[in-house]
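Please consult the sequence and the model displayed below.

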Amino acid sequence: MLEKFIQTYPPDSGKNWLPHITIVDAHYPLSNERIGSTIREVAIDYGCNYLNPGQDLGSAQSQNWAVKELGLTEDDLWINLDPDSACTMPGWIEALEDVMAADKLCAIASLTNPVVWERFRFLECRIEERTIGGHRVGVPLTEQQWNMSCYRVSALNTVGSLLQGNAFYGDVEVPMYRAIRNFGWYNCYLLDFIEDYSLKVLEDKEFRLFKMAQAHNRKFDVKHFTGKFHEYCEEQGWI
């Protein structure tokens, strides 16, 4: 992800964002000790910040924790980057900033990804198209997934935190879509900035199976299961 990032924003370009990136250690359960060490080393090598919560907090919870640890205030924005997230289109950060600055009621501005783009194209998810901050955006009329997104801290504080329907991973969009609208906020997608999905093919097979099971069949959902990847790995006998 960082290699893709610096392709778009080289450190010598005058727009060195690397010192503003914070890597939160998710305590990945497969080869945990090796991966944890590598994460620290990568953060140091690239000049990024490194935070270690001491355990796997889950997706939304790790972001909520990091926001508090970093002392972000009401006026701040932050962008969520998963390890398999990337955008190689120049200016994507500035575009997110433009949209968020132009309309203070926009709580979450997301890049469009290939899956969502197809849903927009075939009207599986209807949008209201607007121009905000000089950029073409789509405001979804129903819940829809998002990934690389810019969040407004004041909006998250209004609804309490970054909400999540499952205990650890997945199902952020539905509760957040509803919660922000209850307080008069909205979310949108930048229609001219699309994520690069090529990194997703590098995900471990085990994690892909976990996400598929979680999203579709939930056959692993035994009584003690909370939605944590570590517990799923134990269920499968991988650790």
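Is C125 buried or exposed? At 1% relative accessibility, C125 counts as buried, where buried means under 20% relative accessible area, exposed over 50% and partly exposed in between, with a 1.4 Å probe and protein chains only. The model is predicted, so local features need pLDDT of at least 70 and side-chain atom pairs count only at pLDDT 80 or more, while totals for chains, interfaces and linings use all residues. Residues are numbered from 1 along each chain as its sequence is written, and side-chain values use heavy atoms, leaving out hydrogens and water.

**Cysteines**
- The count of disulfides (pairs of cysteine sulfur atoms within 2.5 Å) is 0.
- C87 is in no disulfide, and the nearest cysteine sulfur, that of C150, is 13 Å away.
- C87 is also buried, at 3% relative accessibility.
- For C125, the closest cysteine sulfur is in C188, 13 Å away and too far for a bond.

**Sheet**
- Strands β4 (residues 106-112) and β7 (residues 149-152) run antiparallel and are joined by 3 bridges.
- I108 has Y151 in β7 as its bridge partner.

Conventions
Two strands pair if DSSP finds at least two bridges between them. Helices (H or I, at least four residues) and strands (E, at least two) are DSSP runs, numbered from the N terminus.
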